[in-house]
Amino acid sequence: MAFDPSSLRHLFPILAQTAYGHPLTYLDNAATTQKPLPVLNALQDYYRSFNANVHRGAHFLSDRATNRFEQARETVASFINAPEQSHVIWTKGATEAINTVALGLEHLLEKGDEILITSLEHHANLVPWQQLAFRTGARLRVLPLTSNGEWEPEFRHYFTDRTRIFAATQISNAIGTSTPLQIMLDHAKQQGAFTLVDGAQAVAHYPIDVQTLGCDFYVFSGHKMYGPTGIGVLYGKSHALEVLMPYQTGGEMVRHVSYQATEFNVLPYRLEAGTPNIEGVIGLAAACDFLSAQDRLALLTWEQSLASHVYSRLHKEGGIEIYSPEKGTTLVSLSVPNIHTLDLNAYLDSQGVAVRAGSHCAHPLMAQLGVAGTLRASFACYNTMEEANRFCDVLLEAIDLLSDE
Amino acid sequence: MTDTLSIKAQLQTCRSKEETFKTLVTLSKTLPRLTAEEKTEDNKIKGCESAVWLIIEESHGIRHFKADSDAKLMRGVLVAILSLVEGKTLTDIQQMDLKAELAELNLSSYLTSSRTNGVLAILGKIASN
Ligand SMILES: Cc1ncc(COP(=O)(O)O)c(C=O)c1O
């Protein structure tokens with residue numbers, strides 16, 4: 001039997017509202033997902049029953065908070081199948097995680113070294129590397145993946161003995177394409193490069209196994225996987241985390257401090273300066289528990305069926321450029337020639353349909369596609385087939401209203 | 001002719017987002033388009049997600065405006081904005097509360113200072129020395 005989103009939609013109270021008199025149709029899930037009751041309750045519970053600073057010990061509440069905080073690290077570690085919980089570093093999101101790596105590896109880079117990314121990256125997995133290249137004299141190179149994410153045998157030439165860092169997204173946020181991750185990681189590893197995978201768009205949909213992937217670093221944000229904002233994860237293999245120079249210093253990350261010198265703490269604390277986002281950590285663990293309790297494959301299949309339904313309906317209409325793949329993705333990214341995506345967005349909004357219009361923080365990819373921006377409808381487990389159809393209906397109305405006769 | 005009064009009236013009587021949308025589409029059709037030569041980088045407003053060009057000409061202390069955008073609703077918004085300031089002196093314009101006037105026209109959602117908002121930049125240029 002097909003998955004029925006109503007089985008969990010009631011866990012998302014925010015969805016039961018109207019927007020300008022229309023039922024709210026939330027299809028901007030790639031930007032951020034809504035949060036289920038177990039996550040909301042975990043946040044409440046934290047402040048109601050065990051709010052205290054962590055690792056400072058010495059009293060009842062602090063012990064409880066510290067225990068739950070470290071339990072959360074275990075929950076997240078097992079969520080991505082990390083071998084040890086000390087490999088999970090809390091950050092404020094994917095962006096901070098990538099910056100932690102980019103700044104942390106700076107001391108190892110030399111002029112002429114190469115940093116390789118793909119042409120499907122979000123600015124978060126591009127600008128930190130570009131700036132690192134500027135600072136060190138390294139060269140930023142871009143593997144030109146097609147919008148279908150196809151692998152060409154000649155791409156292996158992008159991996160050279162100067163490739164020190166290879167950073168790639170697992171799934172494009174702008175067009176939903178999965179990258180040929182495993183083969184790229186294999187080539188990068190053969191050259192001895194550090195490898196980083198941006199899983200921001202993957203974690204909500206796919207079970208993640210960092211050991212099978214074999215990357216040195218894996219990063220993601222909590223808010224895109226039903227967790228709170230302001231919390232994210234940097235997973236790393238021990239040797240990879242060990243070489244990172246902490247880019248922030250201060251309390252919690254030290255063992256001993258004198259005016260002459262500081263001895264840094266062990267991992268994971270060494271990379272977590274200051275009081276952490278405790279509520280975020282608690283909420284993220286609740287989000288992992290929420291997802292782990294679901295039939296992940298059923299959810300994914302459902303989300304993909306919504307996207308491919310929209311794809312085929314709009315494809316049949318004609319006159320709509322669709323950039324996302326026909327199948328195997330959870331979003332639809334499109335544009336309509338001679339109509340600005342912001343205008344389409346404005347009409348969809350007036351009908352209570354929330355999508356995203358713009359360049360999706362991927363200017364070079366938009367240039368590759370030859371568009372200024374796209375309109376993106378992205379699905380989550382709570383979206384219904386009625387919502388997918390409503391998006392299509394309202395989009396077609398918008399095109400009608402905005403076409404110059 | 002869509003004079004200022006009727007532009008105001010059309011927008012003020014909108015009861016919903018949808019009506020405002022449709023009115024802006026209608027208004028957008030009244031905006032004379034700029035030529036390719038007029039759409040220079042200098043005339044482009046920074047900070048808009050849609051491209052917006054604004055040209056100010058002044059003669060005998062009176063300001064005249066020409067504007068364009070690649071987005072239709074923005075062209076409608078430009079029609080509304082320009083109807084408020086066209087033919088006025090800089091001093092007159094600087095004494096106006098343009099934000100409040102646009103809010104009265106149900107256009108306040110274009111005024112939120114989000115990261116992508118360029119209408120505030122347009123208002124800034126209109127009233128600049
Ligand atoms: C693929 C990808 N990488 C990185 C990010 C950055 O995530 P955050 O803004 O939560 O740090 C995003 C968010 O849109 C994304 O989609």
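In the predicted model, strands β14 (residues 331-335) and β17 (residues 374-378) of chain A pair in the antiparallel sense, over 4 bridges. Within this pair, Ser333(A) has Arg376(A) of β17(A) as its bridge partner. Both strands belong to an open sheet of 4 strands, in the order β13-β14-β17-β16 of chain A. The pairing in this sheet is antiparallel. Its edge strands are β13 (321-322) and β16 (356-358) of chain A, and each of them pairs on one side only. Helix α11 (residues 341-350) of chain A packs on this sheet. The helix touches β14, β16 and β17 of chain A. Its direction makes about 40° with that of β17(A).

Chain A also holds an open sheet of 7 strands. The order is β4-β10-β9-β8-β7-β5-β6, and the pairing is mixed. Strands β4 (88-91) and β6 (139-143) of chain A stand at the edges. Each has a single partner strand, so one side of each is left without a neighbour in the sheet. From one strand to the next, the twist averages 20°. Helix α4 (residues 94-104) of chain A packs on the sheet. It touches β4, β8 (194-198), β9 (217-221) and β10 (232-236) of chain A. The direction of α4 makes about 150° with that of β9(A). Helix α6 (residues 181-190) of chain A lies across β5, β6, β7 and β8 of chain A. This helix runs at about 170° to β7(A). Inside the sheet, β5 (residues 114-118) and β7 (residues 163-169) of chain A pair in the parallel sense over 3 bridges. Here Ile115(A) stands opposite Ile165(A) in β7(A).

Two packed helices are described by the angle between their axes and the distance between the axes. In chain A, the axes of α2 (residues 37-50) and α9 (residues 278-292) come within 8 Å and cross at roughly 140°. The two helices α2(A) and α9(A) are therefore oblique to each other. The crossing of α2(A) past α9(A) is right-handed. From α2(A), the contact involves Pro38(A), Val39(A), Ala42(A), Leu43(A), Tyr46(A), Tyr47(A) and Phe50(A). They meet Ile278(A), Glu279(A), Ile282(A), Gly283(A), Ala286(A) and Ala287(A) in α9(A). The contact residues divide into 11 nonpolar, 1 polar and 1 charged.

Chain B has a helix pair as well, α3 (residues 72-85) and α6 (residues 119-126). Their axes come within 12 Å and cross at roughly 30°. Helices α3(B) and α6(B) are therefore roughly parallel to each other. Again the crossing is right-handed. Met74(B), Val77(B), Leu78(B), Ile81(B), Leu82(B) and Val85(B) of α3(B) meet Val119(B), Ile122(B), Leu123(B) and Ile126(B) of α6(B). This contact comprises 10 nonpolar residues, no polar ones and no charged ones.

Chain B also contains a hairpin, formed by β1(B) and β2(B) with 2 residues between them. In the turn, His60(B) has a positive phi of about 50°. Strands β1 (residues 52-59) and β2 (residues 62-69) of chain B run antiparallel and are joined by 8 bridges. Leu54(B) stands opposite Ala67(B) in β2(B).

The two chains meet in a contact that takes 18 residues from chain A and 13 residues from chain B. Between them they bury about 1,200 Å², with 60% of it on carbon and sulfur atoms. On the chain A side, His340(A), Asp343(A) and Leu401(A) lose the most area to chain B. Together these residues account for 33% of what that side buries.

Note on methods: Residues numbered from 1 in each chain as written. Chains lettered and ligands numbered in written order. Predicted model: local features only at pLDDT ≥ 70, side-chain atom pairs only at ≥ 80, totals over all residues. Heavy atoms only, no water. Axes fitted to C-alpha atoms, helices over the stretch in contact; angles between N-to-C directions. Parallel < 35°, antiparallel > 145°, perpendicular 65-115°, else oblique. Left-handed = near helix turned anticlockwise from the far one by under 90°. Contact = heavy atoms within 4.5 Å. Nonpolar A, V, L, I, M, F, W, Y, C, P; charged D, E, K, R; others polar. Pairing = 2+ DSSP bridges. Buried area = accessible area lost by both parts, 1.4 Å probe.
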